[in-house]
Amino acid sequence: MNRPRPLSRLLLVLAVSAGSVLGLTGPATAAASYCGITWGSTPERDAGTSAGVAVTGVRAGQHACFDRLVVDLRGRPLGGYDVRYVPVVHRDGSGTPVPVLGGAALQVVVHAPAYDAAGRPTVRVADERSVVPVTGYRTLRQVAWAGSFEGYTTLAVGTRATLPFRVSVLPGAAGDRLVIDVAHRW
């Protein structure tokens, strides 16, 4: 049986439909966040310094809602980091631009060297343009080495676009891990 709809309900349906057509959204029509992600794209940093901590590796992984970059460290605690989108990442020491593939460049600075107290490398980078392979990833386009100088190590990460990211430090038995997750979309 068809019942007549109250006029107020019909007007509400028309208003919501018109708002959708016009691109207007409000509390009733706001879209849910992608995968529940509430991160942003503003810089994330911890200004601390590290003593006795060294970068030992870099790896990447794919997840349903984001791509992940992990910087492995020997020792703990990691004293600091600075992760942000920049127009161009520059090589440590020389300032030479480090070009990366993609629509945006994410600069990852770890407040720990990639060498030990005697100056020996603690991580081997076979190809500075491709520290870890990310071919086929949804968000990451390239991970390039930008150097390790005066106790800081920098990576240039090419992403598909300026997308939300989060940074966390995870403790481990051998050392901390700096984890950067970059969402597939907003």
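Does T153 count as buried or exposed, and at what relative accessibility? In this predicted model, T153 counts as buried because its relative accessibility is 2%, and the cut-off for buried is under 20%.

## T153 and its surroundings

T153 belongs to strand β9, which covers residues 152-159. Leaving aside residues up to four places away in sequence, T153 touches a list of residues that includes V55, D92 and W145. Also on that list are V108, V109, V110, A112, P113 and A114, together with G147 and S148.

Two of these neighbours also have polar atoms close to polar atoms of T153. The side chain of S148 is joined to the side chain of T153 by a polar contact of 2.9 Å.

## Salt bridges: R45 and D82

Side chains of opposite charge can pair when their charged atoms come close. The model has 9 salt bridges. One of them is between R45 and D82, where the closest N and O atoms are 3.5 Å apart. This pair links distant parts of the chain: R45 sits in strand β1 (residues 44-47) and D82 in strand β4 (residues 80-86), 37 residues apart.

The two partners fall into separate accessibility classes. R45 has a relative accessibility of 52% and therefore counts as exposed. D82 has 13%, so D82 counts as buried.

What is the N to O distance in the salt bridge between the side chains of R120 and D116? For this pair the distance is 3.0 Å. R120 counts as exposed because its relative accessibility is 54%, and the cut-off for exposed is over 50%.

D181 and R166 also meet through their side chains in a salt bridge, at 2.8 Å from N to O. Here too the pair links distant parts of the chain, with D181 in strand β11 (residues 177-183) and R166 in strand β10 (residues 165-170), 15 residues apart. D181 counts as buried, because its relative accessibility is 1%. R166, at 33%, counts as partly exposed.

Notes:
Residues are numbered from 1 along each chain as its sequence is written. This is a predicted model: local features need pLDDT of at least 70, side-chain atom pairs count only at pLDDT 80 or more; totals for chains, interfaces and linings use all residues. Side-chain values use heavy atoms; hydrogens and water are left out. Helices (H or I, at least four residues) and strands (E, at least two) are DSSP runs, numbered from the N terminus. Buried means under 20% relative accessible area, exposed over 50%, partly exposed in between (1.4 Å probe, protein chains only). A polar contact is a pair of N or O atoms within 3.5 Å; within protein, one must be able to donate a hydrogen and the other to accept it, and residues adjacent in sequence count only if both atoms are side-chain atoms. Contact means heavy atoms within 4.5 Å. A salt bridge is a side-chain nitrogen of Lys or Arg within 4 Å of a carboxyl oxygen of Asp or Glu.
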